[in-house]
Amino acid sequence: MGFGSSALENCLQEQLRLKAQVRLLEHQIKQQHLKIQSLLLEKELQLVEISKENSVIDLEEEKRQYADCAEIYNNGHRRNGFYKVKPLRSPSAFQAFCDMSEGGGWTVFQRRSDGSQSFDRNWNDYKLGFGDYTSGRGEFWLGNDNLHFLTSQGNYTLRIDLADFEDQRRYAQYKSFRVGDEESSYQMMFGDYSGTAGDSLAGGFNPEMEWWASHKGMKFSTKDKDNDNYEGNCAEEENSGWWFNRCHAANLNGFYYKGPYTAKTDDGIVWYTWHGWWYSLKSVTMKARPSTFQPSAV
């Protein structure tokens, strides 16, 4: 009897041990299954994000040409992305990012978002344009020739959207925005300011500083073509192409630092009336739209 009782007890203990092992294995399998589901979901989200970023939108089947993003918007296309546009005097069509927010119809000609593109470029690069023309968040410069053809079609409004590394946002808007042709060295003209970022582009924050800080009427400068009013070369010192004066109160093509920075010169992505000269902004978008634009009900 004693031997049989001991064997039965050992058998029961073995059963309990095996059941515990089974429960542990079932738990491990369940955890692995959940991890696989999580990885599959993450992969699916990445694919969705990639498809969103690859935002070149083909309207070839419409058999028509659009002068700017405002015409595209009013023809019923409301999705942000790169579309082909052909301003009236442009010899050929080109890809431009259309921002359909803020009322829609904005043609974006500059975007900074992550420092992936160098904006320390020569005259020809800025003339023709450079950067990422496929990603929905890519950095680019549309090209001064294209910017001239775009803004010479009529009366355009300039809007500049700015964001800092604390996730604060500001904007500046200017009436009567126009960029001249290469013969004029892409001279920039604009009118009255409105917005929340302060008037850095016209130096309107201090009348005594306008003579050197205003960018109104300035010619475009690069390190290999100096058109500023400074005895040195602003583009070379500030590592960018821009409409420099002596040198700037705004330089949105500067070096991509991350917030406050120290350097030999104030060469960051600067909007003086918001964060001063020694803070480089996180993101910038410069875009234009006809001043007479009225969104259609399409």
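The following legends describe an overall view and several close-up views of a predicted model.

The model is predicted, so local features are reported only at pLDDT of at least 70 and side-chain atom pairs only at pLDDT 80 or more, while totals for chains, interfaces and linings use all residues. Residues are numbered from 1 along each chain as its sequence is written, and side-chain values use heavy atoms, with hydrogens and water left out.

**Figure 1. Overall view of the protein, with seven helices and 14 strands.** Helices (H or I, at least four residues) and strands (E, at least two) are DSSP runs, numbered from the N terminus. The radius of gyration is 28 Å, well over the 19 Å that the globule rule gives for 298 residues, so the protein is more spread out than a compact globule. This radius is taken over C-alpha atoms, and the globule rule is 2.2 Å times the number of residues to the power 0.38. Along the principal axes, the C-alpha atoms fill a box of roughly 110 × 50 × 35 Å. Of the 298 residues, 45% are buried; buried means under 20% relative accessible area, exposed over 50%, and partly exposed in between (1.4 Å probe, protein chains only). Carbon and sulfur atoms account for 51% of an accessible surface of about 15,700 Å², computed by the Shrake-Rupley method with a 1.4 Å probe. Among contacts between residues at least 6 apart in sequence, 56% join residues at least 24 apart, where contact means heavy atoms within 4.5 Å.

**Figure 2. The span annotated as a domain, residues 60-292.** An unreviewed UniProt entry places the feature "domain: Fibrinogen C-terminal" at these residues. UniProt positions are given in the numbering used here, feature names are shortened, and annotations may be inferred rather than shown by experiment. The span is 14% helix and 27% strand, and its end C-alpha atoms lie 27 Å apart.

**Figure 3. C11 in helix α1 (residues 2-53).** At a relative accessibility of 42%, C11 counts as partly exposed. The C-alpha atoms of C11 and D68 are separated by 83 Å, the two residues being 57 residues apart along the chain.

Figure 4. The buried residues of α4 are N144, D145, N146, L147, H148, F149, L150 and T151.

**Figure 5. Y186 in the loop between β7 (169-179) and β8 (188-189).** Phi of Y186 is near 55°, a positive value in a residue other than glycine. With a relative accessibility of 0%, Y186 counts as buried.

**Figure 6. The loop between α6 (234-238) and β10 (250-251), which holds C247.** A cis peptide bond joins R246 and C247, with omega about 0°. N239 is also placed in the loop between α6 and β10. Phi of N239 is near 60°, a positive value in a residue other than glycine. The relative accessible area of N239 is 26%, and this residue is partly exposed.

**Figure 7. K264 in the loop between β11 (259-260) and β12 (270-271).** K264 is exposed, with 88% relative accessible area. A C-alpha separation of 8.6 Å is found between K264 and E237, which are 27 residues apart along the chain.

**Figure 8. S283 in strand β14 (residues 283-290).** The relative accessible area of S283 is 19%, and S283 is buried. When residues up to four places away in sequence are not counted, S283 touches R112, S113, D161, L162, A163 and R169.

**Figure 9. S296 in the segment after β14.** At 26% relative accessibility, S296 counts as partly exposed. Its neighbours within four places in sequence left aside, S296 is in contact with Y73, N74 and R78. S296 and Q95 are 201 residues apart in sequence, and their C-alpha atoms are 23 Å apart in space.
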